[in-house]
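The following paragraphs go through one model, from a pocket to the chain and then to a single residue. Please keep the coordinates open while reading.

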Amino acid sequence: MKSITIDIINEKAIHLLQDLELLKLIRIRKEKAGKKDATDWGRYKGAMSKQPIGEVDQQLNELRIFKR
């Protein structure tokens with residue numbers, strides 16, 4: 001068995017999928033609106049790089065001083 005996620009563009013597609021489910025060819029699992037299977041980490045790519053904790057602390061202290 002394989003799982004895929006699809007986006008329904010047209011309501012007619014829902015009826016087609018329901019027909020396939022009645023034929024026991026597929027199983028439809030509904031998920032709550034706005035909920036994703038997994039977080040899309042791709043949009044965060046490059047936002048932060050791994051740094052030693054000392055560097056992070058130093059940068060935070062510099063930002064705190066600059067903010068005052």
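How many nonpolar, polar and charged residues does the lining of the largest pocket have? The model is predicted, so local features need pLDDT of at least 70 and side-chain atom pairs pLDDT 80 or more, while totals for chains, interfaces and linings use all residues. Residues are numbered from 1 along each chain as its sequence is written, and side-chain values use heavy atoms, without hydrogens and water.

The lining has nine nonpolar, three polar and eight charged residues. Nonpolar covers Ala, Val, Leu, Ile, Met, Phe, Trp, Tyr, Cys and Pro, charged covers Asp, Glu, Lys and Arg, and the others, Gly among them, are polar. Among the 20 lining residues, Ile 4, Ile 6, Arg 27, Ile 28 and Arg 29 lie nearest the centre of the largest pocket.

The protein chain has two helices and zero strands; these are DSSP runs, H or I of at least four residues for helices and E of at least two for strands, numbered from the N terminus. Helix 1 takes in residues 11–22. Its N-terminal end is capped by Asn 10, with a side-chain oxygen 2.8 Å from the backbone nitrogen of Lys 12.

Just after helix 1 comes Lys 24, in the loop between helix 1 and helix 2 (53–67). Most residues other than glycine have a negative phi. Lys 24 is not a glycine, yet has a positive phi of about 60°. Is Lys 24 buried or exposed? Lys 24 counts as exposed because its relative accessibility is 75%, where buried means under 20% relative accessible area, exposed over 50%, and partly exposed in between (1.4 Å probe, protein chains only). Of the 68 residues of the protein chain, 0% count as buried.

How values were computed
Expected span 1.5 Å × (residues − 1). Polar contact = N/O pair within 3.5 Å; in protein donor to acceptor, adjacent residues only side chain to side chain. 1 Å grid on protein atoms, 1.4 Å probe; cavity = no way out; pocket = protein on both sides within 12 Å on 5 of 7 lines; lining within 4 Å.
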